[in-house]
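Biologist: I would like to go through this model with you, piece by piece. Where shall we begin?

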Amino acid sequence: MSSVSEGARPGRPMSAGTDLSVREATVALLAEVGYAGLRVQDVATRAGVGKAALYRRWPSKAALALHHLIGDLRPREYRDTGSLRGDLREVAADFVERMANPRVRAVLPELMADLMRDGTLQTVFEDVCLLPERELIRAVAERALERGDLAELPDLAWAHAQFAGPVFLWLTMLGGQGDPALIDRVADSVAASWMYEKEKDL
């Protein structure tokens, strides 16, 4: 990640020990005071580093929280279940598990509000969340294409939104639960959409 002074990615990595201290301090303070009460100075003090060092790597508390809280919950590689529906359920289960995590659920609305106001956070958000998620969805789609379950690759940006959008809305805005029913509903919806595109092209 490049220099934050350019409004883009975080700067050069810290040592592993220092980075772990910052991560632990950020997550602990979010649990204690919430996102609204989080201050970069408090993270620096607890982690035993200078505030300037944090700002050289993360341009704001939003970037700091996004990187350490959500960045620690990156999507895993999805196993090949042998079927399109099974693979899509793996993806849906991962989105639900990560977004339903109490640490994430508690701060995500405020974090997203900052993201909408501050364009410099977009690159951090893309690097930490969007791009890894889309690449794993691409791998699922490519497997389906090889099996003959799809006629062509879906639009990855829209495919990503088909998972993230309903899960975020249900958990964050509508107060729903991250249970197996939600996983199945999302998987069924995406499977129906992808299969419709295949059948439409026949």
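Modeller: Let us begin with Thr26. The model is predicted, and in it Thr26 has a relative accessible area of 0%. Buried means under 20%, so Thr26 counts as buried.

Biologist: Which helix holds Thr26, and which residues beyond its neighbours within four places in sequence is it in contact with?

Modeller: Thr26 lies in helix H1. Its neighbours within four places in sequence are set aside here. The remaining contacts of Thr26 are Leu38, Val43, Leu64, Ala65 and His68.

Biologist: Which backbone oxygen lies 2.8 Å from a polar atom of the Thr26 side chain?

Modeller: The side chain of Thr26 supplies one polar atom of this pair. A polar contact needs N or O atoms within 3.5 Å.

Biologist: Is Asp19 buried or exposed?

Modeller: Asp19 sits in helix H1, residues 16-37. Its relative accessible area is 13%. The limit for buried is under 20%, so Asp19 is buried.

Biologist: With which side chain does the side chain of Asp19 make a polar contact?

Modeller: The contact joins two side chains. The distance is 2.7 Å. The partner of Asp19 is Arg23.

Biologist: Staying in helix H1, how does Ala28 count by relative accessibility?

Modeller: Ala28 is found in helix H1. Its relative accessibility is 26%.

Biologist: How far apart in space are Ala28 and Arg103, C-alpha to C-alpha?

Modeller: In sequence, Ala28 and Arg103 are 75 residues apart. In space, their C-alpha atoms are separated by 10.0 Å.

Biologist: Where is Arg39, and how far is its C-alpha from that of Leu64?

Modeller: Arg39 is in the loop between H1 and helix H2 (40-47). Arg39 is partly exposed, with 47% relative accessibility. Arg39 and Leu64 are 25 residues apart in sequence. Their C-alpha atoms are separated by 10.0 Å.

Biologist: How many residues of helix H4 are buried?

Modeller: Helix H4 spans residues 61-70 and is mostly covered. Its buried residues include Leu64, Ala65 and His68, and these three are also among the contacts of Thr26. Of the 10 residues in H4, the number buried is nine.

Biologist: What is the arrangement of helix H6 and helix H8 to each other?

Modeller: Helix H6 covers residues 102-117 and helix H8 residues 156-173. They pack at an angle of about 110 degrees, with their axes 10 Å apart. Angles of 65 to 115 degrees count as roughly perpendicular, so H6 and H8 are roughly perpendicular.

Biologist: Which residues of H6 and H8 meet?

Modeller: By class, the contact of H6 with H8 has five nonpolar residues, one polar and one charged. The H6 side brings Arg105, Leu108, Pro109 and Met112. The H8 side brings Phe168, Leu171 and Thr172.

Biologist: At what angle do helix H7 and H8 pack, and how many charged residues does their contact have?

Modeller: Helix H7 covers residues 121-147. Its axis and that of H8 are 10 Å apart, at an angle of about 100 degrees. H7 and H8 are therefore roughly perpendicular. H7 brings Leu130, Glu133, Arg134, Ile137 and Arg138, and H8 brings Leu156, Ala157, Ala159, His160 and Phe163; by class that is six nonpolar, one polar and, for charged, three.

Biologist: What C-alpha distance separates Ser189 and Gln162?

Modeller: Ser189 is in helix H9, residues 180-201. At 47% relative accessibility, Ser189 is partly exposed. Ser189 and Gln162 are 27 residues apart along the chain. Their C-alpha atoms are separated by 8.1 Å.

Biologist: Now the whole chain. How many helices and how many strands are there?

Modeller: From the N terminus on, the elements run α-α-α-α-α-α-α-α-α. The count is nine helices and zero strands.

How values were computed
Residues are numbered from 1 along each chain as its sequence is written. This is a predicted model: local features need pLDDT of at least 70, side-chain atom pairs count only at pLDDT 80 or more; totals for chains, interfaces and linings use all residues. Side-chain values use heavy atoms; hydrogens and water are left out. Helices (H or I, at least four residues) and strands (E, at least two) are DSSP runs, numbered from the N terminus. Buried means under 20% relative accessible area, exposed over 50%, partly exposed in between (1.4 Å probe, protein chains only). A polar contact is a pair of N or O atoms within 3.5 Å; within protein, one must be able to donate a hydrogen and the other to accept it, and residues adjacent in sequence count only if both atoms are side-chain atoms. Axes are lines fitted to C-alpha atoms, for helices over the stretch in contact, and angles run from 0 to 180 degrees between N-to-C directions. Angles under 35 degrees count as roughly parallel, over 145 as roughly antiparallel, 65 to 115 as roughly perpendicular and the rest as oblique. Contact means heavy atoms within 4.5 Å. Ala, Val, Leu, Ile, Met, Phe, Trp, Tyr, Cys and Pro count as nonpolar, Asp, Glu, Lys and Arg as charged, and the others, Gly among them, as polar.
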